[in-house]
Amino acid sequence: MKKTVTKIGVLTSGGDAPGMNAAVRAVVRTGIYHGLEVFGIMRGYTGMVENDIFKMEGRSVANIIQRGGTILKTSRCKEFLTPEGRKKAYGNLKKLGIDGLVIIGGDGSFRGAQTFSNEYDIPCVGLPGTIDKDIAGTDFTIGFDTAVNTAVEAIDKIRDTADAHDRLFIIEVMGRDAGYIALHSGIATGAENILIPERKTDIEEVIKQLAEKERRHKLVNLIVVAEGDDFGGADEVAKIITQRLPMQEVRVCILGHIQRGGSPSCFDRLIASRMGYSAVECLLEGRHNVFVGMVNNRMHYTPLNEAVKKKQRISEEWMKIVKILAS
Ligand code: F6P
């Protein structure tokens, strides 16, 4: 029987994601409901290493469920990647008697949690908080729905002006290693082409399709590119299309970090609340060193050791849908 926890720490790490605050709120309030002491750790693992940790009350998380960003702030902590950094972090947690951790972040943050929980006797539970949705073991991540809706709203606006001028727009969305925002927002806005890091971009094929559309006098085209596409971002794609198809009037729009901000959608608030609640239950029930995901609308637990090895796979069928619907 694993020993149960009495004092837990919660942190947000890596790129922020809308809904992280809702998750923090759920962890704090569920913890207090169960009689635990809850500590907020500032700026992700940096706060653990630098002892920037404070006691939280139910009121500490009042009025945050609707706010983007994260009240605990976040960072990508280099020191925590070193054994010395993790040792310092452990010492700080021990001093406060913290015996359980909830880590809200993406795959990099889970890697940190996995290493730490293998080295030290403090159980960790992860919550998938990333706009990228690139974590296997969950259908959704906290922040993805909001980010993708922000992208859709922006791309719809771009379509209006593209249509007015008969222009080709190349729109770059976030995703250094993952194409989910591009894929979902591209399908939802009727993009002609979607270029993502998970698939090799055949630029000749893109040009061939556009040339064929030019012959049909279809000049309004939207191409959605994930920033980490293997061919390059929107600027690279625009450069080559302009050279090869001089008749096309090409414009680029890089949506950037607006996709990470803003008030979380209802869906993100809901999954964040459910996952935050579940994370505390996991710590109490001795289901340790897992991350809490959601599969088919039910909570799903994946050992951190497995989570860091896998990536969510892009559906072949979705790629086919893009092709068929854009013709
Ligand atoms: O949080 C994930 C993410 O938004 C990626 O989509 C993006 O490539 C990266 O973070 C950008 O990170 P930063 O804000 O550090 O430039």
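**Strands, helices and aromatic contacts**

Modeller: Strand 1 (residues 7–12) and strand 2 run parallel and are joined by 4 bridges. The model is a predicted one.

Colleague: How many aromatic pairs does a search of the whole structure find, and why is the pair of Tyr45 and Phe80 called stacked?

Modeller: The search of the whole structure returns 6 aromatic pairs. For Tyr45 and Phe80, the ring centres are 4.0 Å apart. Planes under 30 degrees apart count as stacked, and this pair is therefore stacked, with its planes at 0°.

Colleague: How many residues apart in sequence are the parts that the pair of Tyr45 and Phe80 ties together?

Modeller: Tyr45 belongs to helix 2 (residues 45–50), whereas Phe80 belongs to the loop between strand 3 (53–56) and helix 3 (83–96). Both Tyr45 and Phe80 are buried. Because of these locations, the pair ties together parts whose separation in sequence is 35 residues.

Colleague: Is Phe116 buried or exposed, and at what angle are the ring planes of Phe116 and Tyr120?

Modeller: Phe116 has a relative accessible area of 0% and is buried. Its ring centre and that of Tyr120 are 5.3 Å apart. The pair is tilted because the planes are at 45°.

Colleague: Which residues form one aromatic cluster?

Modeller: The stacked pair of Tyr45 and Phe80 and the tilted pair of Phe116 and Tyr120 both lie within it. The cluster is formed by Tyr45, Phe80, Phe116, Tyr120 and Tyr90.

Colleague: What is the relative accessible area of Lys133, and over the face of which residue does Lys133 lie?

Modeller: Lys133 is located in the loop between strand 5 (124–128) and helix 5. Its phi is near 55°, a positive value in a residue other than glycine. Lys133 is buried, since its relative accessible area is 5%. At 5.8 Å from the ring centre, Lys133 lies over the face of Phe140.

Colleague: What is the phi of Asn51, and is Asn51 buried or partly exposed?

Modeller: Asn51 is placed in the loop between helix 2 and strand 3. Most residues other than glycine have a negative phi. Although Asn51 is not a glycine, its phi is positive, about 60°. With a relative accessible area of 38%, Asn51 is partly exposed.

Colleague: What is the order of the open sheet of 4 strands, and which are its edge strands?

Modeller: The sheet has parallel pairing and the order 7-8-6-9. Strands that pair on one side only form its edges, namely strand 7 (193–195) and strand 9 (250–254).

Colleague: How many bridges pair strand 7 and strand 8, and which residue in strand 8 does Asn193 stand opposite?

Modeller: Strand 7 and strand 8 (residues 221–226) pair in the parallel sense over 3 bridges. In strand 8, the residue opposite Asn193 is Ile223.

Colleague: At what angle does helix 6 run to strand 7?

Modeller: Helix 5 (residues 144–165) packs on the sheet, where it touches strand 6 (168–173), strand 8 and strand 9. Helix 6 (residues 180–188) lies across strand 6, strand 7 and strand 8. The angle of helix 6 to strand 7 is about 175°.

Colleague: At what angle do the axes of helix 1 and helix 9 cross?

Modeller: Helix 1 (residues 20–33) and helix 9 (residues 266–285) have axes that come within 7 Å. Among the residues making the contact are Ala22, Ala26 and Gly31 of helix 1, and Ala272, Gly276 and Val280 of helix 9. The crossing is right-handed, and its angle is roughly 35°.

Colleague: Is Ile103 buried or exposed, and how far apart in space are Ile103 and Asp229?

Modeller: Ile103, a residue of strand 4 (residues 100–105), counts as buried because its relative accessibility is 0%. Leaving aside neighbours within four places in sequence, its contacts include Leu11, Tyr45 and Phe110. From C-alpha to C-alpha, the distance between Ile103 and Asp229 is 29 Å.

Technical notes
Residues are numbered from 1 along each chain as its sequence is written. This is a predicted model: local features need pLDDT of at least 70, side-chain atom pairs count only at pLDDT 80 or more; totals for chains, interfaces and linings use all residues. Side-chain values use heavy atoms; hydrogens and water are left out. Rings of Phe, Tyr and Trp (its six-membered ring) pair if their centres lie within 6.5 Å; planes under 30 degrees apart count as stacked, over 60 as edge-to-face and the rest as tilted. Helices (H or I, at least four residues) and strands (E, at least two) are DSSP runs, numbered from the N terminus. Buried means under 20% relative accessible area, exposed over 50%, partly exposed in between (1.4 Å probe, protein chains only). A charge sits over a ring if NZ of Lys or CZ of Arg is within 6 Å of the ring centre and within 35 degrees of the ring normal. Two strands pair if DSSP finds at least two bridges between them. Contact means heavy atoms within 4.5 Å. Axes are lines fitted to C-alpha atoms, for helices over the stretch in contact, and angles run from 0 to 180 degrees between N-to-C directions. A crossing is left-handed if the near helix is turned anticlockwise from the far one by less than a right angle, and right-handed if clockwise.
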